[in-house]
Amino acid sequence: MMNQILRRRTQGLRTPGARLGCALLIASTSAPLSAQPRILIVNSDQSVPRYAGAHTSFKGALGGNIDEIDLAAAKGPEAALRNLIASVDPGVVYCIGSQAYLMTNQVAKNRQIIVSSAINVSRFPRAPRVFGIATEIQPAAQMTFFRLLFPKVRRIGLLYSADYNGEFAREAEAQDADLNLEIVARPVRKPSDLPGALRALLPTVDALWLIPDPVVLADAASVESIFAEADSRSKAIFAYDAAFSQRGAALAITSDIATIGRQAARLAQDLLEGRTPQGAVRSPAGSELTVNLATVARYKMELNPDALPSVNHFIPLK
Amino acid sequence: MVTALWASLGAAGSDTHAQAPVTIFFYSAESNINNFSSLKAEFDRYLAAQGPFRFQPFSDRATFERSIGAEREGVFVLSSWHYRNLKDRVPMEPLLVGVSRNASDHRLALSVRGTITSLDQLRRATVASAVSDEYTNTLLRQMMPGTGRGSDRDARVLVVPKDIDALMAVGFGMADAAVTTEDGLAQLARANPKLAGGLHTLARSERVLLPVVAVPRGVSDAARNLVAIVEAMGKDAEGARRLNMLGFDALKRLSEAEIRTLNR
């Protein structure tokens, strides 16, 4: 049970943490103590698949001397984390998910921190010792996939709220000519403006780009109205979550969770070797693509056959 | 047409097949294909129409090797590099090779951003690659002989799902270099010419055969029949679409020269 709550692996010698008398700390292997600074993984909730995926790939890339805590399973997680940091004295703490980061940032004010698997990492309160891997794939990379998979799609509509995604929209518009695309971005001020914005935009574009936006996607009814309106005009939707592919999105582009864990591992290596990474937040380097073949066939879209090996999941023809 | 081929080739052994489906075992260290659920569903659907066959992709190399080591009736699809590493441990007969754009081999390229002009600048760099860490290091050693780089200690490989991810990782600053197929470079050039224009190739590998199809030595006719069905897949649209998912347009019989290359 305790193993599930808090797993700790030491490499031979007992550490100050083991002297706490805290039964939460479990010494295990008999390998010699490494001279390398230690790494601590703080996971918000290891039962969440995307958190578990990043966790596993991070460990797989580094191996060896890693300690870990699952906050969701720990009793008194903040005290457990505080004790663990004191005992392990990690050179780097890898935080998976928002809760892990926010708690670690509170209790470990002088540690080098890497954070991933959290929405809007770039908006987190951050010190110079904090580095992150974003969850969201940058606009130009998504647009490259649009061109790769659907080379005939040229005009792409984008609805967004200026408060949340103004920068995203500007970045997309700034790069569309380089990709031989035209991004038609229209701001939506409040959820009730969505139906009118959709009716005005859809007739003018080949496809609609759905991004995580709390004003545009205010509730389930908003999602339904977007898909219904787009379907009535046979306009493809390019989405940011594979769940939308089941609803009929022609394409969904998400970040590859395992790659995020591996990127965090490389970042940890850099930090432990005293090298300062370029940029506080890195974009995810790996992608996962889902294509709905039924939608592609129904809308008579041209899917580039050369790009098929790049597609991770297909929603089959009915 | 493929159904007809199965009927003509497999009728004699159909009773046996009904009891024990013949399996295609797929693992590729040469391409980081990870759409396993889609691959299995698509291939199983296609093969079921041809006879008692099924498709089993593997994500883990060790499990794949254990499985084919114990298999006497299967068909194996694996990278040519992996075949050469395995052939002394697992007695196999290579029969087919993948074909992409009318070629059964390709080269891999080491691409960097414009600011990097020499191999020396790549020491301790992060190299993005869509193939396994081990194979990437093999390629780096081949592409950069005598530079001091290329040992496992120096190469920091960031494994990503696909070639275009590796190239975009360099273009957008998440990695310093990328090892990809030349096809991957061409794909990026078509999709995002400006980004591709900012990259240049520092080194290229020797030509490498595409993945091969092999059977265990002394295999039964049933497995050879399945090989014939797989060989014909590139000739019909549905079969070709599935082969595209593996990264090739068709499969062809290995030439004697190609077999000699594989068995060197």
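Which exposed residues does the face of helix 3 of chain B turned away from its buried side carry? They are B:S37 and B:A48. The model is predicted: local features need pLDDT of at least 70 and side-chain atom pairs pLDDT 80 or more, whereas totals for chains, interfaces and linings use all residues. Residues are numbered from 1 along each chain as its sequence is written, chains are lettered from A in the order written, and side-chain values use heavy atoms, without hydrogens or water.

**View 1. Helix 3 of chain B (residues 36–48).** Helices are DSSP runs of H or I with at least four residues, and strands are runs of E with at least two, numbered from the N terminus. Buried residues (under 20% relative accessible area; exposed, over 50%; 1.4 Å probe, protein chains only) are B:S38, B:L39, B:E42, B:F43, B:Y46 and B:L47. They lie on the same side of helix 3 of chain B because they cover an arc of only 145 degrees around the axis, taken from the directions from the helix axis to the C-beta atoms.

**View 2. The contact between chain B and chain A.** Contact (heavy atoms within 4.5 Å) takes in 33 residues from chain B and 38 residues from chain A. The two chains bury about 3100 Å² between them, 51% of it on carbon and sulfur atoms; this is the accessible area (1.4 Å probe) lost on being put together, summed over both. B:R156, B:K162 and B:M174 supply 20% of the area that chain B buries against chain A, more than any other three residues.

**View 3. A salt bridge between B:R101 and A:D306.** The closest N and O atoms of this pair are 2.6 Å apart. Five salt bridges (side-chain nitrogen of Lys or Arg within 4 Å of a carboxyl oxygen of Asp or Glu) are found across the interface of chain B and chain A.

Methods. The expected span of a helix is 1.5 Å times one less than its number of residues.
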